[in-house]
Amino acid sequence: DADFDALIAEAEAGWEARGTLEGTEAAIDAWERAILAPTPEGADRSAILAGVFTDLAKAYYWLAHAHVRYEGDEARMLALYETGVACGGNAIALGNEGWNRAMLYETPIPDAVDVLGVDDVPAVYWYATNLGRWGLLRGIATVLSRVNDIYALMSTVESLDDGYFYNATNRYF
């Protein structure tokens, strides 16, 4: 019975305080609760939740990279990046039916990126960024097994919106 808009406002307030662990965790908590809340009547629930999952993918990355890594808890970082990957994957699937279908039919990511559009850029970026960090923590063999996927995703972000997140793909590459 939670109010979706109130939860989103709560999450955004937490995100404004993301410089603190508590602020980041508050944002994540509110976005997680928003996923379960009814969306506004007549709204495209899939599109709305794609945005929420994108925010979660970004927030889980931030929590791991900006807060937990200073604690030295690699197991927790690994779990946070893995959750970020799942959230990013959900965001892409909810926002792009072609991508969803490609993943359901196990199309390799480098072949599936052709169905992505500019609206998918934020979700794709945070998905790939979490995937890269997750892979680094798992070890070189894991990174090497996913390098083509990450490269294809980031190259797609670059080709669709090379200025996204302050030219993030340039830093990534």
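Predicted model: local features only at pLDDT ≥ 70, side-chain atom pairs only at ≥ 80, totals over all residues.
Local features are reported where pLDDT is at least 70 and side-chain atom pairs at pLDDT 80 or more, whereas totals for chains, interfaces and linings use all residues. Residues are numbered from 1 along each chain as its sequence is written, and side-chain values use heavy atoms, with hydrogens and water left out.

Rolling a probe the size of a water molecule over the atoms shows where empty space is left. Pockets were located on a 1 Å grid over the protein atoms alone, a pocket being an open set of points where a 1.4 Å probe fits, with protein on both sides within 12 Å along at least five of seven lines; lining residues have an atom within 4 Å of a point. Grid points are joined across faces, edges and corners, and a volume is the space filled by probe spheres set on the points.

The largest pocket holds about 500 Å³ of space. Its lining consists of 22 residues, with Tyr61, Tyr125, Trp126, Thr129 and Tyr172 nearest the centre. Two or more lining residues each are given by helix H3 (45-67), helix H7 (121-138), helix H8 (140-160) and helix H9 (164-172); helices here are DSSP runs (H or I, at least four residues) numbered from the N terminus. H7 gives the largest share of this lining, six residues. By class, the lining of the largest pocket comprises 15 nonpolar, three polar and four charged residues, where Ala, Val, Leu, Ile, Met, Phe, Trp, Tyr, Cys and Pro count as nonpolar, Asp, Glu, Lys and Arg as charged, and the others, Gly among them, as polar.

The second largest pocket has a volume of about 170 Å³. Of the 14 residues that line this pocket, Ala50, Gly51, Thr54, Asp119 and Pro122 lie nearest its centre. H3, helix H4 (74-95) and H7 are the elements that give two or more residues to the lining, and H3 gives the largest share, six residues. The lining of the second largest pocket divides into seven nonpolar, three polar and four charged residues.

Helix H3 contains 23 residues and spans 31 Å from its first C-alpha to its last, close to the 33 Å expected at 1.5 Å a residue; the expected span is 1.5 Å times one less than the number of residues. At the start of H3, a side-chain oxygen of aspartate 44 comes within 3.2 Å of the backbone nitrogen of serine 46. At the start of helix H5 (residues 97-104), a side-chain oxygen of asparagine 96 comes within 2.9 Å of the backbone nitrogen of glycine 98.

Isoleucine 28 is found in helix H2 and counts as buried at 7% relative accessibility; buried means under 20% relative accessible area, exposed over 50%, and partly exposed in between (1.4 Å probe, protein chains only). Isoleucine 28 and leucine 56 are 28 residues apart in sequence, with their C-alpha atoms 6.3 Å apart in space. Neighbours within four places in sequence aside, isoleucine 28 is in contact (heavy atoms within 4.5 Å) with Leu56, Ala59, Tyr60 and Leu63.

Asparagine 130 belongs to helix H7 and is buried, its relative accessible area being 0%. Apart from neighbours within four places in sequence, its contacts are Ala57, Tyr60, Tyr61, Leu80, Tyr81, Gly84 and Val85. Threonine 142, in helix H8, is also buried, with a relative accessible area of 15%. Not counting residues up to four places away in sequence, threonine 142 touches Trp134 and Gly135.

Proline 40 lies in the loop between helix H2 (21-36) and H3 and is partly exposed, at 33% relative accessibility. Its contacts, neighbours within four places in sequence aside, are Phe4, Asp5 and Ile48. The C-alpha atoms of proline 40 and tyrosine 151, which are 111 residues apart along the chain, are separated by 37 Å.

Most residues other than glycine have a negative phi. Phenylalanine 165 has a positive phi, near 50 degrees; this residue lies in helix H9 and is partly exposed, with a relative accessible area of 33%. Asparagine 167, likewise placed in helix H9, has a positive phi of about 60 degrees and is partly exposed, with a relative accessible area of 38%. Just after H5, glutamate 106 takes a positive phi of about 55 degrees.

Conventions. Polar contact = N/O pair within 3.5 Å; in protein donor to acceptor, adjacent residues only side chain to side chain.
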